[in-house]
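Biologist: Hi! Could you walk me through this structure, one piece at a time?

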Amino acid sequence: MAQGQEQAAPDAVLTRIGQVAMLHHAGDREEARHRFLGLWAEIGEHGDPLHRCTLAHYLADTQDDPQDELAWDLRALSAAEELTEDRLADRHEGTPAARALYPSLHLNLAADYHRLGHREAARVHLRRARTAAESLAPGRYGEGVRASIDRLERRLDDAGRGTDGPDRPEGRGRPPRQRP
């Protein structure tokens with residue numbers, strides 16, 4: 001019985017990450033970045049892969065420099081891959097959560113590479129995002145991820161034809177980033 005209660009208990013670190021994510025979504029990007037970095041210092045490079053994946057995934061969005069954003073998105077993907085390896089060894093319960101993040105992780109990397117002008121790398125991750133999105137359950141999250149993939153694909157196609165520029169609406173701002 002006690003073991004079942006432990007499993008039902010919320011994960012305090014994920015709760016804290018979620019609280020900071022709400023701060024970020026409310027518009028306080030700099031404070032969110034500061035708090036996320038504090039959490040990262042607590043968790044460390046070798047902390048729980050689910051915590052690192054989730055935190056790096058959100059931390060990427062608080063970065064001002066596209067290279068820094070890419071670095072955090074790559075950390076998130078690396079941690080998700082560790083979770084997948086743990087699942088194969090049956091060592092981590094967070095694997096399904098990480099698997100649900102794969103489409104968003106690859107979409108974010110595709111957007112990062114697109115912003116940095118690395119079109120082929122962007123297309124590789126966009127294909128991976130689309131493949132991973134096939135396993136998402138029907139619903140708002142899956143539909144939103146698939147729509148974001150479609151939008152970024154159009155942007156990449158427009159960029160390849162030279163029609164995506166600062167004077168076109170598609171060229172303004174950042175490609176949409178999907179959150180779980």
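This is a predicted model: local features need pLDDT of at least 70, side-chain atom pairs count only at pLDDT 80 or more; totals for chains, interfaces and linings use all residues.

Biologist: Thanks! How many residues does the largest nonpolar core have?

Modeller: The largest nonpolar core has 38 residues, and Ile149 is among those with the most contacts inside it, along with Phe36, Leu55, Leu105, Leu126 and Leu152. Such a core is a set of buried Ala, Val, Leu, Ile, Met, Phe, Trp, Tyr and Cys residues joined through side-chain atoms within 4.5 Å. Buried means under 20% relative accessible area, exposed over 50%, and partly exposed in between (1.4 Å probe, protein chains only).

Biologist: And which helix gives the largest share of this core?

Modeller: That is α6, with eight residues. Helices are DSSP runs (H or I, at least four residues), numbered from the N terminus.

Biologist: New topic: how do α2 and α4 pack?

Modeller: Helix α2 (residues 12-25) and helix α4 (residues 49-60) pack at an angle of about 5 degrees, with axes 10 Å apart. That makes α2 roughly parallel to α4, a label for angles under 35 degrees. The axes are lines fitted to C-alpha atoms over the stretch in contact, and angles run from 0 to 180 degrees between N-to-C directions.

Biologist: Which residues of α2 and α4 meet?

Modeller: Val13, Leu14, Ile17, Ala21 and His25 in α2 meet Leu50, His51, Thr54, Leu55 and Tyr58 in α4.

Biologist: How many aromatic pairs does the structure hold?

Modeller: Two. Rings of Phe, Tyr and Trp (its six-membered ring) pair if their centres lie within 6.5 Å; planes under 30 degrees apart count as stacked, over 60 as edge-to-face and the rest as tilted. Phenylalanine 36 and tyrosine 58 are stacked, because their ring centres are 6.3 Å apart and their planes are at 15 degrees. Both of these residues, phenylalanine 36 and tyrosine 58, are buried.

Biologist: And how do tryptophan 40 and tryptophan 72 pair?

Modeller: Edge-to-face: 4.9 Å centre to centre, with 85 degrees between the planes. Tryptophan 40 in helix α3 and tryptophan 72 in helix α5 are 32 residues apart.

Technical notes. Residues are numbered from 1 along each chain as its sequence is written. Side-chain values use heavy atoms; hydrogens and water are left out. Helices (H or I, at least four residues) and strands (E, at least two) are DSSP runs, numbered from the N terminus. Angles under 35 degrees count as roughly parallel, over 145 as roughly antiparallel, 65 to 115 as roughly perpendicular and the rest as oblique. Contact means heavy atoms within 4.5 Å.
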